[in-house]
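Reader: I'd like to learn how to read a protein interface and a DNA-facing surface. Could you walk me through one?

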Protein chains: 2
Amino acid sequence: MGTTQLESVPEPKYWHLKTVISEALDSEFEVGEILPNERELAARFGVARATLRQALEQLELEGRLQRRRGVGTTVAPPRVGVDVSTAQHRWPGTGEENWEAVDCTFAAPPAAVARLLELDTDADADADADAAGSRGAARSVHTVRRLRATRGQSVAAEQLYVPASSVPGLVTSGDTTGPVLARGVLRELALLPLDGQDRAVELGSARADDAKELDRLPGAPVLVVTTRYLSEGRTAAVSVATYRADTCRLTFGDVGDLQIAS
Amino acid sequence: MGTTQLESVPEPKYWHLKTVISEALDSEFEVGEILPNERELAARFGVARATLRQALEQLELEGRLQRRRGVGTTVAPPRVGVDVSTAQHRWPGTGEENWEAVDCTFAAPPAAVARLLELDTDADADADADAAGSRGAARSVHTVRRLRATRGQSVAAEQLYVPASSVPGLVTSGDTTGPVLARGVLRELALLPLDGQDRAVELGSARADDAKELDRLPGAPVLVVTTRYLSEGRTAAVSVATYRADTCRLTFGDVGDLQIAS
DNA sequence: TAGTGGTCTAGACCACTCC
DNA sequence: GAGTGGTCTAGACCACTAC
């Protein structure tokens, strides 16, 4: 490190720290190796623990480190490329690897999803958003929950919203929940003609339930992939999948196995 | 708020705060409206400023708030959808809107980019990574810098790496830098047949130069889009574009104008 | 010059994992 | 029970913006 007092535009300590640690990771540590604990690192660099943590947080955000409470901080492996390309033109659950349907519920979706599904188009929809009683069932959809794993590691949790009108042949046998019904919904959905999909990616933070599935703390950064499945001129289903931002690189094609981080 | 002491699994204060503020944003604030300052908000909620800041940081990450030093915290507009679909099968700079080429340099690219460009394939490449002298020119590439704006707002900064072999007809007139040459490189590149592209998206943090262009602080979260342009069986160019994660939603298709955050 | 968000400190206690 | 990262506090000062 040495003295940096000559800098006319002093960069923040945590930023400098991040650079120093990052270089150390490249040259002095192996993937999976455990770093000294935060109190020791802070003392070694002569900063407060909070400042040290700010640097570690950024490195974790960039996928360089992995921190687990009660365990320690380890050097993360390169991000895994996860294919989310839309080229295959397939319904969810048909011929895909790595996804597992774990549950299904029947309830009103979040407002943003309802908009994509073109529910709630009546004029007074916004006025009775909280009156989820009498007319709630009309706006309810099957919600299939799926998990995606790659190389033994959970990478994504998804909620797939399917209006009852998209699965007219579904036999519920009285039950509207459970993994068996989840697979039933996927099976029925696949009977529709699939005209196309469109997809969006944005940054979000993990909800409590997603965080638990992904083995992260609530609020952890995630890449939210929203997919709209189009059939016969309308939106037949909407998927909202959250991918671990620290360990995943979403690929749209076959860029392969190299990581380009900033 | 009320007392939450009955919770058997007490959630962190900042998490609860985030929820409370988020709901207040929905019901009591307009887009662009300025919030009370951090010291006042912290006092109002009865927490330390650092705790309040942790909640605000998450909300900013999710695109709900915008904070500017010396100014204040404002309610952010919904994220803008930015099309990054690969369907168009075009070279960069041909028929695209919103991108502006601002500069061009000639230098060795980062190691990860060199790998994608299939430079440095000789056996001792890793041994002389720091000996950028004699043989450095052989590994240098034209680096075109471009900026993307949407609705008057800078949303992305890109570095496009183009090996000299991809632009054999380029006339440098002695100069290997400057915006004029940048446009020349793009023009020459467009002469090649474009076989395809593949693309990857991952989370990163803004480098100092990108942060400046994007009007953010260094380290701000960004979505890094890496594109490989394929021509005649090889990688003719590589683009690394960083998009503001707080204000952008990357679209691969035409999902349109609705935001689905977590 | 006043007010804002950004950085930093030196503590404290808690939740979790592992032995 | 020992050790780890996660949360929280109550201050301080700095960099930037706008008046």
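Reader: Let's start with the two chains. How much area do chain A and chain B bury between them?

Author: Buried area is the accessible area that two parts lose on being put together, summed over both. Here, in what is a predicted model, chain A and chain B bury about 3800 Å² between them, with 62% of that on carbon and sulfur atoms. Chain A brings 42 residues to the contact and chain B brings 42 residues as well.

Reader: And the polar side of it? How many salt bridges are there between chain A and chain B?

Author: For a salt bridge, look for a Lys or Arg side-chain nitrogen within 4 Å of a carboxyl oxygen of Asp or Glu. The count between chain A and chain B is two. In one salt bridge, the side chains of Arg79(A) and Glu202(B) meet at 2.7 Å, N to O.

Reader: Which element gives the largest share of chain A's side?

Author: That's β7(A), with eight residues. Elements of chain A that each supply at least two residues include α1 (13-28), α3 (49-61) and β8 (221-231). By class, chain A's side divides into 23 nonpolar, nine polar and 10 charged residues.

Reader: Now the DNA. Which residues are closest to DNA strand C?

Author: Of the 26 residues that surround DNA strand C, the closest are Lys13(A), Thr51(A), Asn37(B), Arg49(B) and Arg53(B).

Reader: What do the individual phosphate approaches look like?

Author: Take three of them. A polar backbone atom of Lys13(A) is 2.2 Å from a phosphate oxygen of DNA strand C. Thr51(A) uses a polar side-chain atom, 2.4 Å from a phosphate oxygen. With Asn37(B), an N or O atom in the side chain is 2.7 Å from a phosphate oxygen.

Reader: Which element supplies the largest share of the surface near DNA strand C?

Author: α3(A) does, with four residues. Chain B joins in too: α2 (38-45), α3 (49-61), β1 (65-68) and β2 (72-75) each supply at least two residues. By class, the surface near DNA strand C has 11 charged, eight nonpolar and seven polar residues.

Technical notes:
Residues numbered from 1 in each chain as written. Chains lettered and ligands numbered in written order. Predicted model: local features only at pLDDT ≥ 70, side-chain atom pairs only at ≥ 80, totals over all residues. Heavy atoms only, no water. Contact = heavy atoms within 4.5 Å. Buried area = accessible area lost by both parts, 1.4 Å probe. Nonpolar A, V, L, I, M, F, W, Y, C, P; charged D, E, K, R; others polar. Near = heavy atom within 4 Å. Polar contact = N/O pair within 3.5 Å; in protein donor to acceptor, adjacent residues only side chain to side chain.
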